[in-house]
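Let's take a walk through this structure together. Have a look at the sequence and the fold first.

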Amino acid sequence: MAGLTNAESAATLDARFPTTGATDHIAWSANGTSETGSLARTAIGATGWASATNADPSVKANANALTSAAASAGVTVTHFAIFTASSGGTQRTDWTALAASRALSTGDQLTVASSALSITLT
């Protein structure tokens, strides 16, 4: 069975994760299997997604730097996943490892650079 073309992969990612009007939230994990209770989800923002690349794999990434709320307890964040809401909602992606884990103390905020969080489609 044939796969999607590069252009179709990019179009699919752009349709599912739009560059305007996005309502997704980033959840954080300390173990790669569940969400930590120490760090609230971070809104991607209405213009938070960059256009997907027309490549194999097609990549969709955050367009802007993101900063979380303050951690309610110490935690080492290792993974992220994308959800449809600030709490509850539907998990849209698998847990994905960060390029480097981040140790946070109570009150610290997690900041990720633009293009640091990505989704791929081959």
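What follows is a short tour of some charged pairs and one histidine.

A quick note before we start: this is a predicted model, where local features need pLDDT of at least 70, side-chain atom pairs count only at pLDDT 80 or more, and totals for chains, interfaces and linings use all residues. Residues are numbered from 1 along each chain as its sequence is written, and side-chain values use heavy atoms, with hydrogens and water left out.

Let's begin with salt bridges (a side-chain nitrogen of Lys or Arg within 4 Å of a carboxyl oxygen of Asp or Glu). The count comes to three. One of them joins D14 and K60, whose closest N and O atoms are 2.5 Å apart. This pair ties together distant parts of the chain, 46 residues apart: D14 sits in helix α1 (residues 6-16) and K60 in strand β3 (residues 58-61). Helices (H or I, at least four residues) and strands (E, at least two) are DSSP runs, numbered from the N terminus.

How covered up are these two? K60 is buried at 0% relative accessible area, while D14 is partly exposed at 26%. Buried means under 20%, exposed over 50%, and partly exposed in between (1.4 Å probe, protein chains only).

E35 also pairs up, with R41, at 2.8 Å between the closest N and O atoms. Here E35 is partly exposed at 32% and R41 is buried at 13%.

R41 leads us to H25, since contact means heavy atoms within 4.5 Å and, beyond neighbours within four places in sequence, H25 has contacts including R41, T42 and F83. H25 lies in strand β1 (residues 25-29) and is buried, at 15%.
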